[in-house]
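Please open the structure in your viewer and keep the selection tool at hand. The stops below are meant to be followed in order.

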Amino acid sequence: MTREETVYQYLNEHGIPFTSYNHPEGKTIEEAKRWWKDDGSVHCKNLFFRNHKGNQHYLVCFHCDHDLDIHDLEQRLKASLLAQGKNSPGKLSFASAERMLKYLGLEPGSVSPFGLINDIDHHVHLFLDENLQQAETLSFHPNDCRGTVVIRREDFEQYLKGLGNEYEYLRLY
């Protein structure tokens with residue numbers, strides 16, 4: 001089964017409605033924008049980070065038209081995690097392709113929260129920009145950069161609750 005089929009099967013088995021479409025490869029936001037439909041959804045950028053020790057991993061999702069300052073992101077994640085009594089992430093860096101494959105079962109260019117389906121140990125902590133809470137629909141790659149899944153935000157949150165990974169909305173910019 002392909003990575004894309006795994007996502008569709010998971011969503012269908014859990015009664016989570018979505019729509020999807022295929023398009024040419026779009027490994028970067030700039031490439032993907034050429035193929036995205038004007039469907040009213042907020043297209044999301046997804047970045048996968050590790051802490052300086054390499055023992056904590058974070059998936060960060062936000063509106064595709066925004067950029068993040070990694071130092072600022074470190075401070076925001078630190079404040080949120082410490083407030084919850086968790087370890088500070090310390091210095092963040094992008095996780096390697098090997099780590100991405102190990103924890104999310106994905107390759108660079110196809111990262112999305114649907115990779116959490118493969119994180120059976122619930123190791124990865126997901127941070128979503130709080131502005132995404134205002135979106136009616138969101139869109140992500142279905143673990144393959146040649147497709148797009150459009151999902152209502154409420155249905156996406158249902159998906160997240162069923163996974164078991166920790167996630168939270170946080171002001172990222």
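The model is a predicted one.

**First stop: a loop and its hairpin**

Select N143, which is found in the loop between strand 6 and strand 7. This hairpin has six residues between the strands. Is N143 buried or exposed? N143 counts as buried because its relative accessibility is 4%, and buried means under 20%. Its phi is near 65°, a positive value in a residue other than glycine. Most residues other than glycine have a negative phi.

**Second stop: the strands on either side**

Now display strand 6 (137-140) and strand 7 (147-152). How do strand 6 and strand 7 pair, in the parallel or the antiparallel sense? They pair in the antiparallel sense, over four bridges.

Strand 2 and strand 6 run parallel and are joined by two bridges. V42 stands opposite L138 of strand 6.

Keep strand 2 selected, as it gives the most to the lining of the largest pocket, with five residues. This pocket has a volume of about 410 Å³. Its lining is made up of 25 residues, and the closest to the pocket centre are K27, N46, L47, G109 and V111. What kinds of residue form the lining? There are 13 nonpolar, nine polar and three charged residues.

In soluble globular proteins, nonpolar side chains tend to be buried together. Select L116 and Y159, the residues with the most contacts inside the largest nonpolar core, which has 33 residues. Among the elements that each supply at least two residues of this core are helix 1 (3-13), strand 3 (57-63) and strand 5 (124-129). Apart from it lies another core, of 12 residues, which includes L73, L81, L170 and L172.

Which residues is L116 in contact with, leaving aside its neighbours within four places in sequence? They are L59, L104, V124, L126, Y159, L160, L163 and N165.

Select helix 5 (153-163). Its buried residues include F156, Y159, L160 and L163, and also R153, D155 and E157. The buried residues of this helix pack against helix 1, strand 5, strand 6, strand 7 and strand 8 (167-170). Just after helix 5, select G164, which takes a positive phi of about 100°.

Select H122, in the loop between helix 4 and strand 5. H122 has a positive phi of about 55° although it is not a glycine. H122 counts as partly exposed because its relative accessibility is 37%.

Finally, select N12 in helix 1. N12 counts as exposed because its relative accessibility is 51%, and exposed means over 50%. To end the tour, draw a distance from N12 to E30: their C-alpha atoms are separated by 30 Å, and the two residues are 18 residues apart along the chain.

Technical notes: Residues are numbered from 1 along each chain as its sequence is written. This is a predicted model: local features need pLDDT of at least 70, side-chain atom pairs count only at pLDDT 80 or more; totals for chains, interfaces and linings use all residues. Side-chain values use heavy atoms; hydrogens and water are left out. On a 1 Å grid over the protein atoms alone, a cavity is a set of points where a 1.4 Å probe fits but cannot get out, and a pocket is an open set with protein on both sides within 12 Å along at least five of seven lines; lining residues have an atom within 4 Å of a point. Grid points are joined across faces, edges and corners, and a volume is the space filled by probe spheres set on the points. Ala, Val, Leu, Ile, Met, Phe, Trp, Tyr, Cys and Pro count as nonpolar, Asp, Glu, Lys and Arg as charged, and the others, Gly among them, as polar. A nonpolar core is a set of buried Ala, Val, Leu, Ile, Met, Phe, Trp, Tyr and Cys residues joined through side-chain atoms within 4.5 Å. Buried means under 20% relative accessible area, exposed over 50%, partly exposed in between (1.4 Å probe, protein chains only). Contact means heavy atoms within 4.5 Å. Two strands pair if DSSP finds at least two bridges between them.
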